[in-house]
Amino acid sequence: MKKISICILGLFVMLTACSKEKTDSVPESVGGTGYWKHSVIDNAETETNLYFDNGLEVILPLEWSGKIVTSIEGNTMLFCEKENAQESAGGVLFSLSYINGITFSDSKQYEVYEKMESVLGIYKESDNIECALVLSLPRDMNYVEQNEEMKKLYDDAYSFVDQVHVITDNMKDFVPLTVEDIAWITYAR
């Protein structure tokens, strides 16, 4: 089984934040909608394996069990440290997004930040619409300011982000690709 492991360089924080109103405990027994419809199949005790209806699997570190919440914003699923998210400070550890290729072209490209975002490949939706699966890391502070306890909670959770596994083997019509392989995606300058 091919696993796409996520390696993280440095501590960064995403501009988009999870808010208290949009968070749910991760993972739910059945949750999400659209791209993010999922159910837990394994590790019911640790709640760290997410299996999505489209075949995508996300395996979270065991150390995150009970400490993470998710938020779905459009085509993006945010994975957040629970305490900071509940204080509306964000707590974003990473996110996964489906970027619809129909709105981009060679002349109007989607931009990714080289050290902050990784294109994992292309997923073909119905009617052969291409969507890029993009993993993003935070780009800005994402914990309660001037609160060392909240910073420590976030830093402790973030220290395990390199143990997240995104597995695309069971996604029908998924093709592993990089930025260089997709004409409508480029690196931000």
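## About the model

This is a predicted model, in which local features need pLDDT of at least 70, side-chain atom pairs count only at pLDDT 80 or more, and totals for chains, interfaces and linings use all residues. Residues are numbered from 1 along each chain as its sequence is written, and side-chain values use heavy atoms, with hydrogens and water left out.

Strand S5 spans residues 49-52; strands are DSSP runs of E, at least two residues, numbered from the N terminus. Asn49 and Tyr51 lie on one side of S5, Leu50 and Phe52 on the other, and all are buried (under 20% relative accessible area, 1.4 Å probe, protein chains only). In a regular strand, side chains alternate between the two faces of the sheet.

S5 runs antiparallel to S6 (residues 57-59), joined by 3 bridges; pairing takes at least two DSSP bridges. Between the strands of this hairpin are 4 residues, and Gly55 has a positive phi near 100°.

Thr48 sits in the loop between S4 (38-39) and S5. Thr48 is buried, at 2% relative accessible area.

The structure has 2 salt bridges (a side-chain nitrogen of Lys or Arg within 4 Å of a carboxyl oxygen of Asp or Glu). Asp155 pairs with Lys151, with closest N and O atoms 2.6 Å apart. Because these two are 4 residues apart in H2 (residues 148-158), about one helical turn separates them; helices are DSSP runs of H or I, at least four residues.

Asp156 bridges to Lys152, at 2.8 Å between the closest N and O atoms.

Notes. Buried < 20%, exposed > 50% of the residue type's maximum accessible area, 1.4 Å probe, protein only.
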